[in-house]
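Please read the following briefing alongside the sequence and the model. It covers a pocket, a helix pair and several loop residues in turn.

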Amino acid sequence: MEKIEGSESATAAGCPSETELAGKATICEGCPGQALCRQQGGRDPDQEVLDTRMKAIKHKILILSGKGGVGKSSVAACLSMALAGLSKKVGVVDLDICGPSIPKLLSVEGREVINSQWGWKPLISPHHNVKVMSVGSLLEKTDNAVIWRGPRKTALIRRFLKDTFWGRLDVLICDTPPGTSDEHLTVIKAMKSTNPDGAVIVTTPQEVAMATIRKELNFCKKLGVRVIGVVENMSGYVCPCCQERTDIFSSGAGERLAREYDVPFLGRIPIDQHLVQCCEEGDSIFKSHPQSPAAAALLQVAHKVLEEVTR
């Protein structure tokens, strides 16, 4: 089949993948994805309910990273607390189905999600009343492994968005797993009709990390997801005694990448002993160590994110 000229999408001309004819139309004959489209294509009958939930939320932000270990979930949790500290009503949905860490970071670990007549009631974090929904709160034991294939992950993510009683929020932060996989495609497609604000991309300062972040930026470009900005995490080490900052890795790669792709650079977050301790203990750095360099950097990022999504 002939592809749309000048498009970076893999969708063929006339492809009905977003309609009720997905996998059934004449043009689908011979397409290698026909069987998948028959299973998942077309408009979901629950999409209207999902849209109603999402329309009650002003800003919907994805947190992405090209690889694991860059502190994406920590940034997502801290960003939610920073925004809530700026008098915003904030929710966090943990889409990292196989490795949920948001319950620990926002101190809701071990608490049970209640299914009410209005849907799942999100857990309320003791830190600035951030609303939280995660598969980690649905497991019988926190160390149980989640061994699921794509379709089951897709179904749960849609339930998190559709069946959770989020209420009216200023910001919903979606913490996604590393890479570009089923979880990302599912949440982007599910939110498409309610205009998500875009993605914050988290990286570390090493040049080695840049190759995977470039893939993430190209992923956003192909799917039409706006890049709100790039955050350079673990950017320098702050001495706990004298507060002097030292670059133990290379520095500035995140800013150079943002400049290369013409997207905003949101700031650098240093390796701060106070931040590490708060993440390990599920505490809020804005309450425990509000004057720390990491708290100041995170607040700066929060202000810039608000500027980008409200302009």
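**Pocket, helix contact and loop residues**

The second largest pocket holds about 380 Å³ of space, where a volume is the space filled by probe spheres set on grid points joined across faces, edges and corners. The model is predicted, so that local features need pLDDT of at least 70 and side-chain atom pairs count only at pLDDT 80 or more, while totals for chains, interfaces and linings use all residues. Residues are numbered from 1 along each chain as its sequence is written, and side-chain values use heavy atoms, with hydrogens and water left out.

**The second largest pocket**

- A pocket is an open set of points on a 1 Å grid over the protein atoms alone, where a 1.4 Å probe fits, with protein on both sides within 12 Å along at least five of seven lines; lining residues have an atom within 4 Å of a point.
- The lining of this pocket is made of 25 residues, and Val70, Gly71, Ser74, Asn233 and Met234 lie nearest its centre.
- Two or more lining residues come from each of H3, H4, strand E9 (227-238), strand E11 (265-272) and helix H9 (273-281), helices (H or I, at least four residues) and strands (E, at least two) being DSSP runs numbered from the N terminus.
- By class, the lining has 12 nonpolar, seven polar and six charged residues; Ala, Val, Leu, Ile, Met, Phe, Trp, Tyr, Cys and Pro count as nonpolar, Asp, Glu, Lys and Arg as charged, and the others, Gly among them, as polar.

**Helices H2 and H5**

- The axes of helix H2 (residues 47-55) and helix H5 (residues 150-162) come within 8 Å and cross at roughly 50°, with axes fitted to C-alpha atoms over the stretch in contact and angles running from 0 to 180 degrees between N-to-C directions.
- H2 and H5 are therefore oblique to each other, a term for angles that are not under 35 degrees (roughly parallel), over 145 (roughly antiparallel) or 65 to 115 (roughly perpendicular).
- Gln47, Val49, Leu50, Arg53 and Met54 in H2 are in contact (heavy atoms within 4.5 Å) with Arg158, Leu161 and Lys162 in H5.

**Loop residues**

- Val108, in the loop between H4 and E3, is buried at 0% relative accessibility, where buried means under 20% relative accessible area, exposed over 50% and partly exposed in between (1.4 Å probe, protein chains only).
- The C-alpha atoms of Val108 and Gly282 are separated by 8.5 Å, although these residues are 174 apart along the chain.
- Ser87 has a positive phi near 70° and counts as exposed at 67% relative accessibility.
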